[in-house]
Amino acid sequence: GATDVPVANVGFTWESVPGADSYTFVLSPNADLSSPIVTKTGLTSTAYNHAGPLDNEATYYWQVKALKGANVLSESSVSAFTTAPAAVFTCPVCGLTFPSEAALKAHMAEAHPPVEPTTPAWVWVVIGIGAVLVIVVIVLIFRTRRV
């Protein structure tokens, strides 16, 4: 019943069955386990990792059978999980969505190139007034020294 499962490197574990010498693992997109994606036989551990990939926002079903030789000792109930939705990258400027971060970066570079910040006019006015005041002070210092 897990949700938002990643689409790659999905780990499955189950409890060991006394007397079992191997396990068969089945993973399918169908509740009746038809058309399996994976059927692993001869597993000797109680874990299996599916490298994937699986589809996004899809439900998958899995089951394990415990075997002793060719005889089935027991089988688990069919379990289900749902994979996570595909990642969506949204442009913060125009709201367009992209399937990958690389596509978003390419869009940003092309459609919304970075703009160099401009200095506000009031900053230049303050600098000008400060420069005039410094010049006035220097002129007054030299005028008072001559006299």
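This is a predicted model: local features need pLDDT of at least 70, side-chain atom pairs count only at pLDDT 80 or more; totals for chains, interfaces and linings use all residues.
Me: How many disulfides does a search of the whole structure find, and why?
Reply: A pair of cysteine sulfur atoms has to lie within 2.5 Å to count. The cysteine sulfur closest to that of Cys 91 belongs to Cys 94 and is 3.5 Å away, so the pair is too far apart for a bond. Starting from Cys 94, the closest cysteine sulfur is that of Cys 91, again at 3.5 Å and therefore too far.

Me: What makes Cys 91 buried or exposed?
Reply: The relative accessible area of Cys 91 is 2%. Buried means under 20%, so Cys 91 is buried.

Me: Why is Cys 94 called partly exposed?
Reply: Cys 94 has 39% relative accessibility. Exposed requires over 50% and buried under 20%, so a value in between is called partly exposed. Cys 94 therefore counts as partly exposed.

Me: Which residues of the largest nonpolar core touch the most other members?
Reply: This core has 17 residues, and those touching the most other members are Phe 12, Trp 14, Phe 25, Leu 27, Tyr 48, Trp 62 and Phe 81. Two or more residues each come from β2 (10-13), β3 (22-28), β4 (38-43) and β6 (59-68). The largest share, four residues, is from β6.

Me: What does Trp 14 touch, leaving out residues up to four places away in sequence?
Reply: Its contacts include Tyr 23, Phe 25, Leu 43, Tyr 48, Trp 62 and Val 64.

Me: Where in the chain is confidence lowest, and where highest?
Reply: Strand β10 (residues 97-98) is lowest, at a mean pLDDT of 79, and β3 is highest, at 97. The chain averages 91, with 99% of the residues scoring at least 70.

Definitions and conventions:
Residues are numbered from 1 along each chain as its sequence is written. Side-chain values use heavy atoms; hydrogens and water are left out. Buried means under 20% relative accessible area, exposed over 50%, partly exposed in between (1.4 Å probe, protein chains only). A nonpolar core is a set of buried Ala, Val, Leu, Ile, Met, Phe, Trp, Tyr and Cys residues joined through side-chain atoms within 4.5 Å. Contact means heavy atoms within 4.5 Å. pLDDT is the predictor's confidence in each residue, from 0 to 100.
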